[in-house]
Amino acid sequence: MVRKISVQTRGQALHEITSDLAEVVADAGVEEGLCTVMIQHTSASLTIQENADPSARCDLENWLNRLVAENDPLYTHTAEGPDDMPSHIKAALTSTTLSIPIASGRLGLGRWQGVYVWEHRRRGSRRSLLVHIGQ
Amino acid sequence: MVRKISVQTRGQALHEITSDLAEVVADAGVEEGLCTVMIQHTSASLTIQENADPSARCDLENWLNRLVAENDPLYTHTAEGPDDMPSHIKAALTSTTLSIPIASGRLGLGRWQGVYVWEHRRRGSRRSLLVHIGQ
Amino acid sequence: MVRKISVQTRGQALHEITSDLAEVVADAGVEEGLCTVMIQHTSASLTIQENADPSARCDLENWLNRLVAENDPLYTHTAEGPDDMPSHIKAALTSTTLSIPIASGRLGLGRWQGVYVWEHRRRGSRRSLLVHIGQ
(Lines give C-alpha, C1' and ligand atoms only; values in the text may rest on other atoms or scores of the structure.)
Protein backbone atom coordinates (compact mmCIF):
# COMPACT_ATOMS: atom_id res chain seq x y z
CA MET A 1 0.00 0.00 0.00
CA VAL A 2 1.32 3.43 -0.97
CA ARG A 3 -0.29 6.62 0.25
CA LYS A 4 0.61 10.21 -0.62
CA ILE A 5 0.56 12.80 2.16
CA SER A 6 1.52 16.44 2.11
CA VAL A 7 2.78 18.83 4.73
CA GLN A 8 2.65 22.60 4.74
CA THR A 9 5.94 23.88 6.17
CA ARG A 10 6.40 27.38 7.52
CA GLY A 11 10.07 28.02 6.77
CA GLN A 12 13.28 26.47 8.11
CA ALA A 13 12.40 24.12 10.94
CA LEU A 14 11.53 20.54 11.83
CA HIS A 15 7.84 19.85 11.25
CA GLU A 16 6.58 16.76 13.04
CA ILE A 17 4.76 14.16 10.95
CA THR A 18 4.63 11.29 13.47
CA SER A 19 0.84 11.45 13.81
CA ASP A 20 0.37 11.61 10.02
CA LEU A 21 2.39 8.41 9.68
CA ALA A 22 0.60 6.79 12.62
CA GLU A 23 -2.70 7.45 10.87
CA VAL A 24 -1.54 5.73 7.68
CA VAL A 25 -0.29 2.78 9.75
CA ALA A 26 -3.61 2.53 11.61
CA ASP A 27 -5.55 2.64 8.31
CA ALA A 28 -3.39 -0.16 6.89
CA GLY A 29 -4.34 -2.43 9.77
CA VAL A 30 -0.99 -4.22 9.70
CA GLU A 31 0.09 -5.96 12.91
CA GLU A 32 3.78 -6.40 11.99
CA GLY A 33 5.30 -4.67 9.02
CA LEU A 34 7.38 -1.79 7.74
CA CYS A 35 6.47 1.84 7.18
CA THR A 36 8.71 3.66 4.69
CA VAL A 37 8.44 7.37 4.06
CA MET A 38 10.14 9.31 1.25
CA ILE A 39 10.10 13.05 0.67
CA GLN A 40 9.75 13.99 -3.01
CA HIS A 41 12.02 17.05 -2.80
CA THR A 42 15.73 17.81 -2.66
CA SER A 43 15.59 21.02 -0.61
CA ALA A 44 13.83 19.45 2.38
CA SER A 45 14.55 16.17 4.10
CA LEU A 46 13.52 13.75 6.85
CA THR A 47 14.92 13.01 10.27
CA ILE A 48 14.03 11.06 13.40
CA GLN A 49 14.82 13.25 16.38
CA GLU A 50 14.03 13.87 20.02
CA ASN A 51 10.37 14.83 20.45
CA ALA A 52 10.64 16.05 24.04
CA ASP A 53 12.65 19.24 24.53
CA PRO A 54 12.24 21.66 21.56
CA SER A 55 15.63 23.21 22.37
CA ALA A 56 17.32 20.12 20.90
CA ARG A 57 15.65 20.71 17.52
CA CYS A 58 16.45 24.40 17.69
CA ASP A 59 20.16 23.76 18.35
CA LEU A 60 20.20 21.15 15.58
CA GLU A 61 18.81 23.70 13.14
CA ASN A 62 21.27 26.40 14.19
CA TRP A 63 24.24 24.05 14.10
CA LEU A 64 23.42 22.89 10.56
CA ASN A 65 22.82 26.47 9.41
CA ARG A 66 26.30 27.38 10.61
CA LEU A 67 27.92 24.34 8.97
CA VAL A 68 26.16 24.89 5.65
CA ALA A 69 26.27 28.65 5.25
CA GLU A 70 24.45 30.78 2.71
CA ASN A 71 26.45 32.91 0.24
CA ASP A 72 29.43 30.59 0.30
CA PRO A 73 31.81 31.79 -2.48
CA LEU A 74 32.13 28.12 -3.47
CA TYR A 75 28.56 28.02 -4.80
CA THR A 76 27.86 28.38 -8.51
CA HIS A 77 24.25 27.15 -8.27
CA THR A 78 22.79 30.46 -7.10
CA ALA A 79 19.93 31.17 -9.52
CA GLU A 80 17.24 29.90 -7.14
CA GLY A 81 18.27 32.09 -4.20
CA PRO A 82 20.91 32.05 -1.44
CA ASP A 83 19.08 29.34 0.55
CA ASP A 84 18.75 26.87 -2.34
CA MET A 85 22.24 25.35 -2.59
CA PRO A 86 22.56 25.07 1.22
CA SER A 87 19.22 23.23 1.14
CA HIS A 88 20.52 20.60 -1.28
CA ILE A 89 23.63 20.05 0.84
CA LYS A 90 21.57 19.74 4.03
CA ALA A 91 19.29 17.23 2.32
CA ALA A 92 22.33 15.16 1.27
CA LEU A 93 23.67 15.17 4.86
CA THR A 94 20.36 14.08 6.40
CA SER A 95 17.73 11.62 5.06
CA THR A 96 15.40 11.48 2.08
CA THR A 97 13.92 8.10 3.05
CA LEU A 98 13.26 6.41 6.41
CA SER A 99 11.94 2.93 7.19
CA ILE A 100 10.28 2.26 10.53
CA PRO A 101 9.21 -1.22 11.65
CA ILE A 102 5.57 -1.64 12.71
CA ALA A 103 5.06 -3.78 15.82
CA SER A 104 1.74 -4.55 17.54
CA GLY A 105 0.02 -2.47 14.88
CA ARG A 106 1.97 0.69 15.71
CA LEU A 107 5.06 2.56 14.53
CA GLY A 108 7.97 1.08 16.44
CA LEU A 109 9.50 4.39 17.50
CA GLY A 110 11.41 4.76 20.74
CA ARG A 111 9.80 6.71 23.56
CA TRP A 112 11.63 9.97 22.72
CA GLN A 113 11.58 9.68 18.94
CA GLY A 114 9.49 11.72 16.54
CA VAL A 115 9.58 11.78 12.74
CA TYR A 116 10.11 15.20 11.13
CA VAL A 117 10.10 16.89 7.77
CA TRP A 118 13.10 19.19 7.83
CA GLU A 119 12.39 22.27 5.73
CA HIS A 120 15.64 23.83 4.52
CA ARG A 121 14.21 26.71 2.44
CA ARG A 122 13.55 30.04 4.17
CA ARG A 123 10.03 30.11 2.76
CA GLY A 124 7.68 27.29 3.68
CA SER A 125 5.88 25.34 0.99
CA ARG A 126 3.70 22.30 0.49
CA ARG A 127 5.90 19.20 0.63
CA SER A 128 4.83 15.84 -0.80
CA LEU A 129 5.69 12.52 0.79
CA LEU A 130 5.01 8.93 -0.20
CA VAL A 131 4.32 6.40 2.53
CA HIS A 132 4.62 2.67 1.82
CA ILE A 133 3.27 0.05 4.19
CA GLY A 134 4.64 -3.44 3.71
CA GLN A 135 4.39 -6.73 5.58
CA MET B 1 8.42 -10.45 11.15
CA VAL B 2 9.71 -7.90 13.66
CA ARG B 3 12.25 -8.79 16.31
CA LYS B 4 13.64 -6.61 19.09
CA ILE B 5 17.33 -6.86 19.89
CA SER B 6 19.45 -4.89 22.30
CA VAL B 7 23.10 -3.97 22.42
CA GLN B 8 25.17 -2.94 25.42
CA THR B 9 27.51 -0.17 24.31
CA ARG B 10 30.64 0.83 26.22
CA GLY B 11 30.88 4.54 25.41
CA GLN B 12 31.59 6.42 22.19
CA ALA B 13 32.48 3.92 19.48
CA LEU B 14 31.13 1.76 16.70
CA HIS B 15 29.74 -1.50 18.07
CA GLU B 16 29.33 -4.19 15.42
CA ILE B 17 25.91 -5.84 15.15
CA THR B 18 26.40 -7.73 11.86
CA SER B 19 26.23 -11.15 13.53
CA ASP B 20 23.13 -10.17 15.55
CA LEU B 21 21.36 -9.24 12.31
CA ALA B 22 22.64 -12.35 10.54
CA GLU B 23 21.10 -14.45 13.30
CA VAL B 24 17.68 -12.81 12.87
CA VAL B 25 17.94 -13.34 9.10
CA ALA B 26 18.87 -17.01 9.56
CA ASP B 27 15.93 -17.51 11.98
CA ALA B 28 13.53 -15.95 9.50
CA GLY B 29 14.49 -18.52 6.86
CA VAL B 30 13.92 -16.06 4.01
CA GLU B 31 15.76 -16.79 0.75
CA GLU B 32 15.29 -13.34 -0.83
CA GLY B 33 14.03 -10.39 1.16
CA LEU B 34 14.84 -7.24 3.03
CA CYS B 35 16.26 -6.72 6.52
CA THR B 36 15.53 -3.32 8.02
CA VAL B 37 17.03 -2.21 11.30
CA MET B 38 16.03 0.88 13.30
CA ILE B 39 17.61 2.19 16.49
CA GLN B 40 15.06 3.48 18.99
CA HIS B 41 17.23 6.33 20.27
CA THR B 42 18.30 9.80 19.15
CA SER B 43 21.74 9.93 20.78
CA ALA B 44 23.07 6.83 19.04
CA SER B 45 22.78 5.86 15.39
CA LEU B 46 23.56 3.24 12.75
CA THR B 47 26.17 3.02 10.02
CA ILE B 48 27.54 0.53 7.52
CA GLN B 49 31.32 0.82 7.54
CA GLU B 50 34.53 -0.98 6.76
CA ASN B 51 34.90 -4.07 8.95
CA ALA B 52 38.56 -4.74 8.16
CA ASP B 53 40.99 -2.17 9.53
CA PRO B 54 39.84 -0.75 12.94
CA SER B 55 41.85 2.43 12.26
CA ALA B 56 39.17 3.52 9.75
CA ARG B 57 36.48 3.43 12.45
CA CYS B 58 38.77 5.19 14.90
CA ASP B 59 39.48 8.04 12.44
CA LEU B 60 35.78 8.27 11.63
CA GLU B 61 34.97 8.68 15.33
CA ASN B 62 37.68 11.31 15.86
CA TRP B 63 36.73 13.25 12.75
CA LEU B 64 33.06 13.42 13.78
CA ASN B 65 34.01 14.40 17.35
CA ARG B 66 35.99 17.32 15.97
CA LEU B 67 33.19 18.41 13.61
CA VAL B 68 30.51 18.20 16.31
CA ALA B 69 32.28 19.59 19.35
CA GLU B 70 31.10 19.54 22.95
CA ASN B 71 30.52 22.82 24.81
CA ASP B 72 29.73 24.74 21.65
CA PRO B 73 28.43 28.18 22.77
CA LEU B 74 25.64 27.72 20.21
CA TYR B 75 23.99 24.99 22.32
CA THR B 76 21.03 25.81 24.55
CA HIS B 77 20.04 22.16 25.10
CA THR B 78 22.62 21.46 27.80
CA ALA B 79 20.62 20.01 30.71
CA GLU B 80 21.51 16.39 29.86
CA GLY B 81 25.28 16.93 29.80
CA PRO B 82 27.90 18.25 27.36
CA ASP B 83 27.79 15.12 25.19
CA ASP B 84 24.00 15.10 24.70
CA MET B 85 23.45 17.81 22.09
CA PRO B 86 26.47 16.65 20.02
CA SER B 87 24.91 13.17 20.12
CA HIS B 88 21.65 14.39 18.58
CA ILE B 89 23.54 16.22 15.82
CA LYS B 90 25.70 13.17 15.08
CA ALA B 91 22.58 11.00 14.90
CA ALA B 92 21.01 13.44 12.41
CA LEU B 93 24.15 13.34 10.23
CA THR B 94 24.35 9.54 10.17
CA SER B 95 21.51 6.95 10.03
CA THR B 96 18.64 5.90 12.28
CA THR B 97 17.37 3.22 9.89
CA LEU B 98 19.12 0.94 7.37
CA SER B 99 17.65 -1.57 4.91
CA ILE B 100 19.80 -4.44 3.65
CA PRO B 101 18.64 -6.84 0.91
CA ILE B 102 18.76 -10.55 1.74
CA ALA B 103 20.08 -12.76 -1.08
CA SER B 104 20.58 -16.55 -0.96
CA GLY B 105 19.30 -16.49 2.62
CA ARG B 106 22.01 -14.10 3.81
CA LEU B 107 22.51 -10.38 4.42
CA GLY B 108 23.69 -8.92 1.11
CA LEU B 109 26.59 -6.95 2.53
CA GLY B 110 29.73 -6.30 0.54
CA ARG B 111 32.89 -8.15 1.51
CA TRP B 112 34.26 -5.24 3.58
CA GLN B 113 30.98 -4.03 5.08
CA GLY B 114 29.85 -4.40 8.68
CA VAL B 115 26.76 -2.94 10.37
CA TYR B 116 27.40 -0.87 13.48
CA VAL B 117 25.56 0.84 16.31
CA TRP B 118 27.32 4.16 16.74
CA GLU B 119 27.19 5.21 20.37
CA HIS B 120 27.51 9.00 20.68
CA ARG B 121 27.19 9.35 24.46
CA ARG B 122 30.35 9.15 26.59
CA ARG B 123 28.72 6.56 28.83
CA GLY B 124 27.60 3.30 27.28
CA SER B 125 24.06 2.06 27.77
CA ARG B 126 21.66 -0.61 26.59
CA ARG B 127 20.37 0.36 23.15
CA SER B 128 17.19 -1.10 21.66
CA LEU B 129 16.79 -1.91 17.99
CA LEU B 130 13.89 -3.25 15.95
CA VAL B 131 14.66 -5.58 13.07
CA HIS B 132 12.06 -6.21 10.38
CA ILE B 133 12.37 -9.04 7.87
CA GLY B 134 10.24 -8.73 4.77
CA GLN B 135 9.92 -10.61 1.48
CA MET C 1 13.02 -10.14 -5.68
CA VAL C 2 16.67 -9.13 -5.38
CA ARG C 3 18.70 -8.10 -8.41
CA LYS C 4 22.40 -7.19 -8.55
CA ILE C 5 23.44 -4.28 -10.74
CA SER C 6 26.83 -2.68 -11.23
CA VAL C 7 27.94 0.78 -12.21
CA GLN C 8 31.25 1.87 -13.66
CA THR C 9 32.20 5.17 -12.04
CA ARG C 10 34.75 7.56 -13.52
CA GLY C 11 36.18 9.18 -10.40
CA GLN C 12 34.68 11.53 -7.80
CA ALA C 13 31.20 12.53 -8.94
CA LEU C 14 27.52 11.66 -8.78
CA HIS C 15 26.66 8.95 -11.31
CA GLU C 16 22.94 8.72 -12.04
CA ILE C 17 21.31 5.30 -11.68
CA THR C 18 17.64 6.31 -11.90
CA SER C 19 17.10 4.53 -15.21
CA ASP C 20 18.87 1.37 -13.97
CA LEU C 21 16.47 1.25 -11.02
CA ALA C 22 13.47 2.07 -13.22
CA GLU C 23 14.36 -0.92 -15.38
CA VAL C 24 14.42 -3.28 -12.41
CA VAL C 25 11.07 -1.87 -11.24
CA ALA C 26 9.55 -2.34 -14.72
CA ASP C 27 10.85 -5.94 -14.88
CA ALA C 28 9.33 -6.70 -11.48
CA GLY C 29 5.89 -5.68 -12.73
CA VAL C 30 4.82 -4.43 -9.30
CA GLU C 31 2.00 -1.88 -9.23
CA GLU C 32 2.54 -0.69 -5.64
CA GLY C 33 5.62 -1.61 -3.67
CA LEU C 34 9.03 -0.60 -2.43
CA CYS C 35 12.37 -0.43 -4.22
CA THR C 36 15.40 -0.59 -1.90
CA VAL C 37 18.91 -0.10 -3.18
CA MET C 38 22.12 -0.75 -1.23
CA ILE C 39 25.68 -0.09 -2.33
CA GLN C 40 28.10 -2.85 -1.31
CA HIS C 41 31.03 -0.51 -0.64
CA THR C 42 32.17 1.88 2.09
CA SER C 43 34.07 4.37 -0.09
CA ALA C 44 31.11 5.24 -2.31
CA SER C 45 27.53 5.99 -1.31
CA LEU C 46 24.03 6.82 -2.52
CA THR C 47 22.04 10.02 -2.62
CA ILE C 48 18.80 11.36 -4.05
CA GLN C 49 19.52 14.78 -5.52
CA GLU C 50 18.33 17.36 -7.99
CA ASN C 51 18.46 15.98 -11.54
CA ALA C 52 17.98 19.29 -13.34
CA ASP C 53 20.87 21.73 -13.05
CA PRO C 54 24.28 19.93 -12.95
CA SER C 55 25.77 22.91 -11.06
CA ALA C 56 23.92 21.76 -7.93
CA ARG C 57 25.72 18.39 -8.00
CA CYS C 58 29.03 20.09 -8.73
CA ASP C 59 28.68 22.45 -5.75
CA LEU C 60 27.63 19.54 -3.55
CA GLU C 61 30.77 17.64 -4.52
CA ASN C 62 33.03 20.64 -3.92
CA TRP C 63 31.41 21.49 -0.61
CA LEU C 64 31.84 17.94 0.71
CA ASN C 65 35.43 17.81 -0.55
CA ARG C 66 36.21 20.92 1.46
CA LEU C 67 34.47 19.63 4.60
CA VAL C 68 36.20 16.24 4.44
CA ALA C 69 39.73 17.14 3.36
CA GLU C 70 42.48 14.80 2.25
CA ASN C 71 45.74 14.62 4.22
CA ASP C 72 44.09 15.62 7.48
CA PRO C 73 46.72 15.12 10.23
CA LEU C 74 43.97 13.43 12.24
CA TYR C 75 43.97 10.40 9.93
CA THR C 76 45.84 7.23 10.89
CA HIS C 77 44.13 5.05 8.24
CA THR C 78 46.33 6.17 5.35
CA ALA C 79 47.64 2.91 3.83
CA GLU C 80 45.06 2.91 1.01
CA GLY C 81 45.85 6.42 -0.23
CA PRO C 82 44.94 10.01 0.72
CA ASP C 83 41.42 9.73 -0.70
CA ASP C 84 40.46 6.54 1.19
CA MET C 85 39.73 7.81 4.71
CA PRO C 86 37.82 10.87 3.38
CA SER C 87 35.76 8.39 1.33
CA HIS C 88 34.70 6.43 4.41
CA ILE C 89 33.72 9.64 6.22
CA LYS C 90 31.73 10.89 3.22
CA ALA C 91 29.95 7.54 3.01
CA ALA C 92 29.02 7.78 6.71
CA LEU C 93 27.61 11.30 6.21
CA THR C 94 25.50 10.34 3.19
CA SER C 95 23.55 7.10 2.50
CA THR C 96 24.42 3.45 1.96
CA THR C 97 20.78 2.36 1.51
CA LEU C 98 17.70 4.10 0.08
CA SER C 99 14.09 2.92 -0.12
CA ILE C 100 11.78 4.40 -2.72
CA PRO C 101 8.05 3.62 -2.86
CA ILE C 102 6.69 2.31 -6.17
CA ALA C 103 3.34 3.81 -7.21
CA SER C 104 1.41 3.07 -10.43
CA GLY C 105 4.19 0.69 -11.41
CA ARG C 106 6.89 3.37 -11.30
CA LEU C 107 9.52 4.72 -8.89
CA GLY C 108 7.77 7.37 -6.83
CA LEU C 109 10.45 10.03 -7.21
CA GLY C 110 9.61 13.71 -7.23
CA ARG C 111 9.83 15.61 -10.51
CA TRP C 112 13.33 16.95 -9.79
CA GLN C 113 14.77 13.91 -8.06
CA GLY C 114 17.35 11.51 -9.43
CA VAL C 115 19.11 8.61 -7.67
CA TYR C 116 22.90 8.70 -7.74
CA VAL C 117 25.91 6.60 -6.85
CA TRP C 118 28.34 8.99 -5.24
CA GLU C 119 31.89 7.90 -6.00
CA HIS C 120 34.28 9.24 -3.33
CA ARG C 121 37.53 7.72 -4.60
CA ARG C 122 39.62 9.69 -7.10
CA ARG C 123 39.81 6.68 -9.38
CA GLY C 124 36.56 5.24 -10.71
CA SER C 125 35.79 1.56 -10.31
CA ARG C 126 33.01 -0.95 -10.82
CA ARG C 127 30.53 -0.58 -7.94
CA SER C 128 28.06 -3.30 -7.00
CA LEU C 129 24.53 -2.60 -5.82
CA LEU C 130 21.71 -4.83 -4.65
CA VAL C 131 18.16 -3.84 -5.53
CA HIS C 132 15.23 -5.37 -3.65
CA ILE C 133 11.66 -5.06 -4.88
CA GLY C 134 8.97 -5.74 -2.30
CA GLN C 135 5.19 -5.42 -2.16
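**Exercise 1.** How many residues of chain C are in contact with how many residues of chain A?

*Solution.* The model is predicted: local features need pLDDT of at least 70, side-chain atom pairs count only at pLDDT 80 or more, and totals for chains, interfaces and linings use all residues. Residues are numbered from 1 along each chain as its sequence is written, with chains lettered from A and ligands numbered from 1 in the order in which they are written.

Step 1. Two residues are in contact if their C-beta atoms, placed from the backbone, lie within 7 Å. By this rule, 29 residues of chain C touch 23 residues of chain A.

Step 2. On the chain C side, at least two residues each come from β4 (44-50), α2 (54-67) and β5 (97-103). Helices (H or I, at least four residues) and strands (E, at least two) are DSSP runs, numbered from the N terminus. The most, 8 residues, come from α2(C).

**Exercise 2.** Describe how α2(A) packs against α3(B).

*Solution.* Step 1. Helix α2 (residues 54-67) of chain A and helix α3 (residues 84-93) of chain B pack at about 65°, their axes 10 Å apart. Axes are lines fitted to C-alpha atoms, for helices over the stretch in contact, and angles run from 0 to 180 degrees between N-to-C directions.

Step 2. From α2(A), Ala56(A), Asp59(A), Leu60(A) and Trp63(A) meet Met85(B), His88(B), Ile89(B) and Ala92(B) of α3(B).

Step 3. These contact residues divide into 6 nonpolar, 1 polar and 1 charged. Ala, Val, Leu, Ile, Met, Phe, Trp, Tyr, Cys and Pro count as nonpolar, Asp, Glu, Lys and Arg as charged, and the others, Gly among them, as polar.
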